[in-house]
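Dear colleague,

I am handing over the structure we spoke about, and I would be glad if you could look through it with the notes below at hand.

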Amino acid sequence: MIFRRKQWLGLVAGIFALLLSVSIVLAKKNTANLLYLENQNRRAFTELTQSVRNIDVALSKAILTREPAILNQLSHEITANAAFAKSSLGQLPITDVNLDKTQKYLAQVGDYTVYLAEKTQKNQSVSEEDVETMLSLLGYADHLSDTLLSLEETYFNQNTTFSDMIELTQKANAASEEESDNQFTVLEQEFGNYPSLIYDGAFSDHLDNRQAEYLSDKVEITKKEAQEAARSFLGNERVKSIKYNGESQNTVPPTYNFTGKLADDTDYAIDITKQGGEVLYYLNSRQNHNNTLSVEQAMEKGMAFLSSLGKGNFTTSYYEIGDGFLTMNCCPLNGDIREYPDLMKLRISLDNGEITAYEAKGYLMNHRERSVPEFVPFHPEAYISPKIEISSVNRALIPRDDGREVYAYELKGKLSERDYLIYVNAQTGHTEQILLVVENENGVLTE
Amino acid sequence: MNQKRMIITIVLSAFFVVGVWSVAEQKAQSANNYQTNLQLIARAVNGEARGEPYEGQVAVAAVILNRVRHPSFPNTIAGVIYQPGAFTAVADGQINVPIDPKSTIYKACTDAMNGWDPSGGAIYYFNPKTATNKWIWSRPVIKTIGNHRFAK
C-alpha cells in the first residue's frame, strides 16, 4: 500500500500527538513520585530534629537528679527518642558522608543513661566521672540540636528538595573555608572529638578492645605450621588442595587464612589463629539433598567430633535443621555448669554425618579456667509466676550484652502452652533473662 | 465478526489468568521474623555478591549482621539494608524481587545468621577494582575474600 502525502501527514501527526500525551502523563507521574519522596524526607528530617531536641531536654533534666525513679523515666525517654532519631537519620538520603560518629553518639546516649539509671537503682552513687560524661553528652546534644534546628529553618522557608538544601549549606560553608563541606559533613567532623565511652552497656567502646582469653598463653606459630594445623583438622587424606590466602589483621584473633578443594571437589575455607594454631572457623560449600540421618544421629556425630578435639566435655543447647544440614550449638561443661559464652558451632550433613562447618570464636574469645562462686539457694517463687511448670533446673554461666559473664540457674518451664528458658542470677536470685523456646520444623530456637 | 469476538475473549482471559497468577506469586512466606530477615539478607547478598565464592557470600551477609550490632548503624536488619546508598540491590530495586528458592545464597545467609563470620567482624566491604568512594579506602582492612576487601 502506498500512502498519499495527506495520509502520511495524518499518520505522523497522530504518532506525534500520541508521544506528546504519553510524555505529559509520565512527567506528571514523575512529579508526583518526586513529591511523595520529598515528603517522606521532610517527615524523616522533622522527626530527627524533634527527637534530638527531646534528648537534649531530657538530658538537661537528668544531670540534676539523683533519684532512681526519675533517672529511670528520663533514661527511657532518651532511649526511645534516640532510637527514633537513629531510624529517621537512616532514612535520609545522605550518601556523600558517613555519619557513623553521629549514629554512634545516638546509640550511646540512650545506652549510657540506662546504665546510670540501673546504677542508682542498685543504690550505687553517681560518680564525678559519670557527671562529667553526662555534661559532655549534653554538650553534644546541644550542638546537634542547634545545628538541626537551624537547618530546619532554612529547609522550611524554601521549597527545595532535601538534597538541594544540603547542597545550599555546602555553598554557605564555602564562603568561610577553602574546601566546602555540607552541614552534615561539618557535623560529623565536629563529633571527631567525641570521647570513647567505657561503661557497662552494649555499645560501650571497651567491647572493641577485648582479647582472646583461650589464646592468651599460647605461642605464635608460622604460616607453615598453620597450614599443617589446617590439614590435620580436615584430615590429610581428605584434602585435595590447600592455598594460602593472606592474613586477617585489625581483628581479634588474627589468623592465617586458607582455601582449597576437598577430595570430592568441594570448595572450603579455613582460618587458623596465629596464636596457638587453633581453627577459628571452617566452612565448606557442599550441598546435600539426601536426608538419611535423624536429628539424634546427626547430633551424636557432632558430639563425637567435639570429643575428638580433646577440649573436654560439651553439651548441646539448641539446634537448627534445614536444607539437608543440622546446625548445632554446643557449650563446654565446667563440672555441671554450662559455659554459654564459650560456644562452639557445628554444621553436620544429614547424609553421612560429615562436619561441613565449624565455628569456635565464642570458645576462643572466652574460654579459660574459672572459679565458680557459691550459688544462693534456689527460690524462684519470689520472681517468677507460680503457674509455670518447671521441668528442669541446670546451672550455667551466661553472657550479658555489656560483655560481662554471670552465673545463673537455668530453668526450663512451660506456661500456657509456651516453653521458656529462664535465667536466674546465682548471686542475687533476680531474673537475668527470659527466653521463649520456639520449636518448629526448622529446629529448636530461642527468641 | 465472530472471529473478532473470539480473539477479544481469548486476550481478556489471558490477562485474567496472568493477573491471578501474579497475585498468587506475590504472597510472601514470612511465618516469623526469621524468614523475613533471611529473605531480606539473601536478596541484598544476591545483589552484591552473586559471583563471589561461598565464603565471600557468607562474609557479606555477616557484614549486614555486624552492622546491626554496631552503634554506628541502624539497629535492625531492615534499617541496615534500606539505608540509602548502602546496597546496590536496594538502589536498583532487586531487593523487592524474590530469588530462586533453590539458590545457594540462602545457605550462605543461614550460616551467617547462625554465627559464622568469615569477615572477621567487618562493617564495611568494597571491591578495590570498582570502588570510587575515597573515604572507604581509608578504613583499616581486615582481609580479602574473592573480589571484596573487608574493613572496619
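A charge is said to sit over a ring if NZ of Lys or CZ of Arg is within 6 Å of the ring centre and within 35 degrees of the ring normal. Please keep in mind throughout that this is a predicted model. With that rule in hand, the charged end of A:Lys223 sits over the ring of A:Tyr244, at 4.3 Å from the ring centre, and the charged end of A:Lys274 sits over the ring of A:Tyr256, at 5.6 Å from its centre.

An α-helix has 3.6 residues a turn, so residues three or four places apart point the same way. A:Tyr112 and A:Tyr115 are both buried. Elsewhere in chain A, one aromatic cluster is formed by A:Phe233, A:Tyr268, A:Tyr282, A:Phe305 and A:Tyr358.

Turning to the interface, chain B and chain A bury about 3000 Å² between them, with 51% of that area on carbon and sulfur atoms. On the side of chain B, the residues that lose the most area to chain A are B:Pro71, B:Lys107 and B:Trp116, which together account for 24% of what that side buries. The contact draws 39 residues from chain A and 33 residues from chain B. Two salt bridges are found across this interface, and A:Asp271 forms a salt bridge with B:Lys143, in which the closest N and O atoms are 2.7 Å apart. Between the two chains, 13 residue pairs are in polar contact. The elements of chain B that each supply at least two residues to the side touching chain A are α2 (33-49), α3 (54-69), α6 (105-113) and β2 (141-145), and α3(B) gives the most, with four residues.

Chain B itself has seven helices and three strands, and buried residues make up 45% of its 152 residues. One helix that deserves a look is α6(B), which is mostly covered, since eight of its nine residues are buried. Among these buried residues are B:Tyr106, B:Lys107 and B:Cys109. What covers them comes from both chains, and includes β4 (279-284), β5 (314-322), β6 (325-334) and β8 (344-349) of chain A together with α2 and α3 of chain B. After α6(B) comes B:Gly115, whose phi is positive, near 115°.

Finally, the loop between α5 (88-91) and α6 of chain B holds B:Gln94, which counts as partly exposed because its relative accessibility is 26%. Although B:Gln94 and B:Gly47 are 47 residues apart in sequence, their C-alpha atoms are 6.9 Å apart in space. Leaving aside neighbours within four places in sequence, B:Gln94 is in contact with B:Gly47, B:Arg50 and B:Ala89.

With best wishes

Conventions: Residues are numbered from 1 along each chain as its sequence is written. Chains are lettered from A and ligands numbered from 1 in the order in which they are written. This is a predicted model: local features need pLDDT of at least 70, side-chain atom pairs count only at pLDDT 80 or more; totals for chains, interfaces and linings use all residues. Side-chain values use heavy atoms; hydrogens and water are left out. Buried means under 20% relative accessible area, exposed over 50%, partly exposed in between (1.4 Å probe, protein chains only). Rings of Phe, Tyr and Trp (its six-membered ring) pair if their centres lie within 6.5 Å; planes under 30 degrees apart count as stacked, over 60 as edge-to-face and the rest as tilted. Contact means heavy atoms within 4.5 Å. Buried area is the accessible area (1.4 Å probe) that two parts lose on being put together, summed over both. A salt bridge is a side-chain nitrogen of Lys or Arg within 4 Å of a carboxyl oxygen of Asp or Glu. A polar contact is a pair of N or O atoms within 3.5 Å; within protein, one must be able to donate a hydrogen and the other to accept it, and residues adjacent in sequence count only if both atoms are side-chain atoms.
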